[in-house]
Amino acid sequence: MEKKISLEMSRERVAKIDGFNCVNCGTCEEYCPVGAIGERQKEVCHLCPDCTEMKALNVQEMYDLRNTSCTLECPLGISPQGYINLLKYGKAKEAFDLIYEKNPLPSVCGYICHHPCEQTCKRGKLVDEPMKIRGLKRYLGEKFLDEEPEPYPVKTDMQIAIIGAGPAGLTAAHTLAKRGYPVTVFEQGTEAGGMLLKGIPEFRLDKNVVRKEIAKIEKAGVTFVYNAKIDHQKAIDELKKEYDAVIVSVGTQISKDLPIEGYRTENVLKAVNLMEKVNSGKEVVLYGDVVVIGGGSVAADVARSALRLGAEKVTMMCLESGEAIPAHPWELEEAEEEGVELISGVSPVRFIGECHKLEGIEYTGIENLDITTFKFDRKEGTRAEIKADFAIIATGQRTDIKIEDPDVILAGDIAGGKCSVIDAMASGRNAAVKADEKLTGRPYEEYKVEREIGPGERQYKVYPAVRLKKNFPQREMIDAAERIHSFDIAEKGLDDDSALLETERCLSCGYRFVDIDKCIGCGTCMKVCPKGNVIALVSEEKSTEE
Amino acid sequence: MRKHQVLIVGAGVGGSTAAFHMAKAGLDVMMVEKEQFPRDKVCGDGQVQGIHPLLKSMGVYDEIEKYGYKCSGTLFSDDREIQYTYNYPDGEFAFATPRYIFDDIINKAALKQGVDYLENFEATEVITRRGQAIGVRGIYDGKVVELEADLVVLANGSHSMLARQMGFYEEDPNYVFYGLRGYYENVRGLSDVIEFHYPNKLFMPAGYIWLFPLGKTKANVGVFITEEALRKSGMTSEELLWWWRDNYKIGRERMGEAREIGKLKGWRLPTGKHKAVHGSGVIAVGDAGNMIEPLYGGGLPHAMMSGVCASRMASEAIAANDFSEEYLRKYEDYIEETLGSGYKIQEYLRSIVFDTEEHISEFIDYSIENFTDVQLSGGDGMAKFVHDVKGFVGSSKSAYSK
């Protein structure tokens with residue numbers, strides 16, 4: 001008797017994601033072996049005036065917002081909606097793990113990240129204020145700060161050397177250690193942390209938090225070698241003999257000069273030197289009128305530090321004006337609250353004074369500024385003087401180290417590009433992935449922040465109108481008059497209750513969906529889902545039901 | 001809290017009417033409400049003749065008559081700005097009462113019947129056990145509270161996430177309208193008639209600008225438009241109102257010197273009742289059940305009528321002690337009986353008259369020719385249309401007076 005055997009593989013089950021329960025963390029997408037999972041953004045209704053504080057949209061604008069998402073903005077590719085909502089549903093540890101998976105310095109980011117995610121938050125665009133994503137990250141980071149990590153198992157004997165223990169180097173080290181490499185980090189100083197410890201003022205970032213997070217990286221299996229200054233090709237060549245891959249992330253540590261007349265006057269200081277001194281606990285005393293030259297985040301930090309160091313009046317002076325000022329608006333706002341004055345659209349001509357005593361700065365207004373080359377024309381008849389006992393130059397940093405070795409992978413400031421903490425970390429992570437690719441041939445999957453996001457199905461539309469009736473916590477700063485007297489942290493953190501309440505504000509506008517044409521029904525997504533009640537395996541017919 | 005026989009979510013017109021009739025019939029009713037009464041609601045504020053018997057049956061007609069501004073007719077205009085006014089027969093009026101007052105009167109009437117009542121209760125979801133709705137979870141005084149009942153009545157309006165949870169929610173952009181409403185003073189040219197202006201194809205199907213007079217120079221002005229038409233217009237509903245004011249003679253006359261009182265507000269209006277609105281242990285009333293008219297956007301009568309139907313259903317279900325989906329299917333029949341013919345006529349008119357500006361112009365020409373001071377009676381579609389405006393008479397009248 002002939003027996004019929006069917007060789008056709010039948011796919012009995014496919015995965016189905018419940019868009020109401022999904023928190024859009026993206027874990028399933030990362031684990032899906034066939035790339036069947038993608039992200040969709042729900043419509044957030046805002047067609048009526050007076051529904052919220054924000055101006056009403058027309059329908060097309062409302063539809064267009066479906067192309068934006070907080071998940072696209074994080075340079076590290078972490079989904080804020082994911083950890084906010086995991087926290088909301090009582091899964092704080094899962095929320096923390098979601099961050100720690102890609103970001104080994106979560107609390108550091110919780111303090112000082114410039115949070116591009118908050119800028120695209122739809123709550124901020126459509127309802128009132130953006131979610132306090134950074135505040136929640138700080139809350140999560142500090143909640144699990146003292147947790148002892150298990151060392152990552154070493155899976156290979158290929159050695160990695162990383163030069164420089166700033167945020168880029170630390171992230172590279174953590175990423176590679178996680179992938180099973182033995183990693184050694186060389187640091188020229190006596191402590192790891194780079195600009196996090198040396199550059200950022202204490203009132204913005206708690207140094208103990210930085211140290212604890214670095215200790216966790218060390219406990220996870222990364223070796224640190226201190227007092228190891230490796231800044232020339234010969235030393236790198238030595239390292240290359242011993243190590244299979246070398247990543248250089250030494251940063252830019254020298255404040256640029258401002259070579260105008262009188263710049264060698266004694267009281268003309270440089271931002272990096274000053275901050276290093278202050279952060280290392282050396283006594284620095286300023287007095288009288290201080291002028292900070294520069295308009296970036298460093299300039300704002302320095303200006304605020306100057307107030308705390310005894311200056312009576314602090315003025316920031318920068319080339320750019322209006323929105324072109326490189327410091328973030330909230331940094332300028334906080335500085336202004338504390339009494340820092342800003343003169344924008346000007347350029348100094350000379351420092352006035354004898355070699356030991358600065359008396360003032362002469363400057364003019366400028367026009368036709370090209371912000372890429374910093375070329376400009378001085379405006380006629382705008383010459384003015386400002387009294388100054390100290391001038392602090394914060395017009396950017398540079399490095400003397402030149403490495404032109406195709407075998408070495410650069411990361412962080414030295415690799416060029418954007419220079420915020422989170423960008424440095426993203427650059428470190430990409431360097432790590434490149435090194436991994438070089439050594440194992442695993443495809444270089446640069447964490448793609450730019451992805452296609454599909455418009456959400458209609459049944460998931462979000463109505464902010466029904467989610468307004470709660471008294472949400474406000475972002476709390478210590479009073480400006482009080483905070484300028486000490487280097488204590490200026491921004492208050494969220495406590496358990498206010499953090500939970502804050503998560504309630506999230507409109508939850510994104511969700512993941514399964515492309516059933518690609519799904520093979522393996523169920524991996526269901527197993528890795530940190531929330532647990534989102535994904536089910538259903539028969540193929542059922543997957544298209546609402 | 002103890003278990004009730006019926007839990008009504010939402011104490012607006014639909015919920016309160018249902019509560020009134022249920023409590024009057026002797027049921028043990030609990031009603032919860034997110035806001036605090038009195039509260040505002042986006043609406044044209046008109047109460048046409050069709051609901052007057054309902055108001056009388058609740059004993060609130062006299063009070064509403066006291067507050068309502070009496071309107072004696074209805075005006076239509078088209079893109080050519082040709083107007084047709086239909087004057088109601090002698091002694092008949094439509095009222096225009098601000099919903100801030102109207103809803104409070106209905107709400108208080110229900111409470112007088114002995115309904116248990118909780119304000120500031122924000123319902124978040126229907127609690128279900130083995131597919132059966134057994135109560136509602138919500139936030140009250142900063143805490144999560146659960147209320148249980150044999151029958152849950154959803155009457156919490158057009159944004160009801162509970163109705164969405166139950167699968168009652170209307171998503172069709174051709175049947176979800178958006179309403180914009182503002183109060184204006186110094187409006188010129190009002191004459192005690194309710195005005196519907198059908199300016200342009202931008203508003204099609206069925207969209208219009210309304211003016212409900214609240215005084216000699218004061219009016220409730222608004223825009224009523226489908227989401228689909230709003231998308232095609234490329235404007236916000238607010239911009240559409242200004243566009244009408246700036247581009248039409250009648251718009252300039254009415255609104256040219258008008259002053260806004262308060263703020264413009266908008267609301268979502270799901271219409272047509274295309275979906276079943278009953279489930280196991282749960283039924284929906286009014287906007288939560290998409291019961292707004294798909295042509296005129298009238299919602300008050302439908303909310304009240306469905307409240308009456310819900311009360312009838314609740315009494316029967318409790319008598320039979322059966323809250324299954326099967327048994328509650330009768331609720332759909334009761335709605336069909338009372339409101340079905342109205343919906344059918346409106347759907348029909350939407351498809352043949354209010355689909356293009358030319359058809360509306362034809363209709364207005366026809367009306368001017370045939371309907372001036374003629375006592376109208378049923379017959380062709382046009383006449384039925386006017387009947388409908390006149391206050392839900394004709395085929396649905398018998399149901400209204402029940």
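Predicted model: local features only at pLDDT ≥ 70, side-chain atom pairs only at ≥ 80, totals over all residues.
For the complex, the predictor gives an ipTM of 0.77 and a pTM of 0.84.

**Chain B overall**
- Along the principal axes, the C-alpha atoms of chain B fill a box of roughly 60 × 45 × 40 Å.
- Buried residues account for 53% of the 402 in this chain.
- If you take the chain B contacts between residues at least 6 apart in sequence, 71% of them join residues at least 24 apart.
- On the secondary structure side, chain B has 14 helices and 18 strands.

- The average pLDDT of chain B is 84, and 92% of the residues score at least 70.
- Residues 373-384 of chain B are one stretch to treat with care: pLDDT there is below 50, though the model still gives this stretch 16 contacts beyond near neighbours in sequence.
- Residues 388-402 of chain B also stay under 50, and here the model has 25 contacts beyond four places in sequence.

**Where the chains meet**
- On the chain B side, 20 residues are in contact with 16 residues of chain A.
- Four elements of chain B each supply at least two residues to that side: strand E12 (176-185), helix H6 (227-233), helix H7 (237-247) and strand E16 (259-270).
- E16(B) gives the most, with 5 residues.
- Sorted by class, the side of chain B that touches chain A comes to 8 charged, 7 nonpolar and 5 polar residues.

**An open sheet in chain A**
- Over in chain A, 5 strands line up as E8-E16-E9-E10-E11 in an open sheet with parallel pairing.
- Strand E8 (268-270) and strand E11 (341-344) of chain A sit at the edges, each pairing on one side only.
- Ignoring direction, neighbouring strands of this sheet are turned by 25 degrees against each other on average.
- Looking inside the sheet, strand E9 (residues 289-293) and strand E10 (residues 313-318) of chain A run parallel and are joined by 5 bridges.
- Within that pair, Val291(A) stands opposite Thr315(A) in E10(A).
- Helix H13 (residues 271-279) of chain A packs on the sheet, where it touches E8 and strand E16 (390-393) of chain A. The direction of H13 makes about 75 degrees with that of E8(A).

Note on methods. Residues numbered from 1 in each chain as written. Chains lettered and ligands numbered in written order. Contact = placed C-beta atoms within 7 Å. Nonpolar A, V, L, I, M, F, W, Y, C, P; charged D, E, K, R; others polar. pLDDT = per-residue confidence, 0-100. Pairing = 2+ DSSP bridges. Axes fitted to C-alpha atoms, helices over the stretch in contact; angles between N-to-C directions. Buried ≥ 20, exposed ≤ 12 C-beta atoms within 10 Å, placed from the backbone.
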